[in-house]
Amino acid sequence: MPEITELVDSDDEFQDAVNEPTPTPKPASDDATVKTNSSIVEEIIKQQSGIGDLKLDDGTPHAGQEQEEETASCSNDNKEGPVYLHDEVDEEALKEREKTMSPEELEANKEKALKMKLEANELFKNDESERAIDIYTEALGVCPTKYTKDRAVLYANRAAAKIKIENKKAAIEDCTKAIELWPEYVRALMRRAKLYEHEDKLDEALADYKRAFELDPGQHEAREAMIRLPPLITERNERLKGEMMEKLKDLGNLILKPFGLSTSNFQMQQDPATGGYSINFNQNPS
């Protein structure tokens with residue numbers, strides 16, 4: 001079983017986020033009076049958040065972070081208001097808000113979310129996981145829902161940060177959201193598989209390892225798990241079956257005791273031909 005400290009490696013697990021190419025702005029119009037899409041995006045970002053220069057290491061609160069989490073509203077009445085409460089993002093409110101936004105505003109929000117993600121990545125690498133979680137959540141409340149892969153990476157990265165603070169249940173939930181958005185996201189599948197195995201959910205872990213290996217046959221760790229887990233699952237199932245039979249036996253003895261009987265008076269014999277069982281009564285068991 002993987003140790004909890006092995007579930008996240010900041011140098012490896014964040015390649016999908018850190019090494020993503022920066023979106024290339026479209027060429028400027030020949031008309032000098034028309035602003036480029038890039039400048040429009042920058043203007044909207046500045047108007048909405050004022051985070052043109054992100055400060056990653058000095059502890060300065062992120063734009064909007066000074067508002068207490070418990071007062072964050074999930075209402076979609078305010079076009080620029082947050083659509084999250086604590087770490088839960090209201091996807092429906094976000095979709096409703098996007099209906100009133102222009103393509104330029106949506107693109108600006110994507111750029112804003114990507115900047116937040118890079119900031120959170122740095123916080124994660126500097127062991128400031130709780131602040132990283134807050135900013136990943138902010139980014140999820142901003143990133144347009146049509147950018148499913150970008151949102152999937154945000155969820156998967158937030159899961160990694162939650163692992164660092166040992167909130168494994170919430171990390172599994174975030175991995176699941178990432179996989180729902182991007183079913184071929186191997187990194188999220190592997191992360192959830194390790195979490196499941198750590199939580200002794202071996203069947204679920206094996207399913208994720210198999211899926212990851214199908215998508216990427218080069219996943220040696222997944223292939224090793226596919227060999228290692230089936231015997232462990234069989235052993236666990238046999239153990240559980242034995243425990244269940246013991247409990248049933250105890251229950252049977254409790255019921256039969258007033259009659260001066262016990263489960264020892266009854267013997268189950270399997271018919272080799274049919275596989276069925278017959279119960280024989282023995283008045284005086286040895």
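This is a predicted model: local features need pLDDT of at least 70, side-chain atom pairs count only at pLDDT 80 or more; totals for chains, interfaces and linings use all residues.
## The annotated repeat

Across residues 186-219 the chain is 79% helix and 0% strand, with its end C-alpha atoms 9 Å apart. Helices here are DSSP runs (H or I, at least four residues), strands are runs of E of at least two, and both are numbered from the N terminus.

Residues are numbered from 1 along each chain as its sequence is written, and side-chain values use heavy atoms, with hydrogens and water left out.

## Salt bridges

Side chains of opposite charge can pair when their charged atoms come close. Counting a side-chain nitrogen of Lys or Arg within 4 Å of a carboxyl oxygen of Asp or Glu, the model has 13 salt bridges.

One of them joins K194 to E221, with the closest N and O atoms 3.3 Å apart. This pair links distant parts of the chain: K194 lies in helix 9 (residues 186-198) and E221 in helix 11 (residues 220-256), 27 residues apart. K194 is buried at 9% relative accessible area, whereas E221 is partly exposed at 40%; buried means under 20%, exposed over 50%, and partly exposed in between (1.4 Å probe, protein chains only).

R158, K162 and D174 are linked in a salt-bridge network.

## Cysteines

What about disulfides (cysteine sulfur atoms within 2.5 Å)? The whole structure has zero. C175 is buried, at 0% relative accessibility, and C143 is buried at 2%.

Note on methods: A disulfide is a pair of cysteine sulfur atoms within 2.5 Å.
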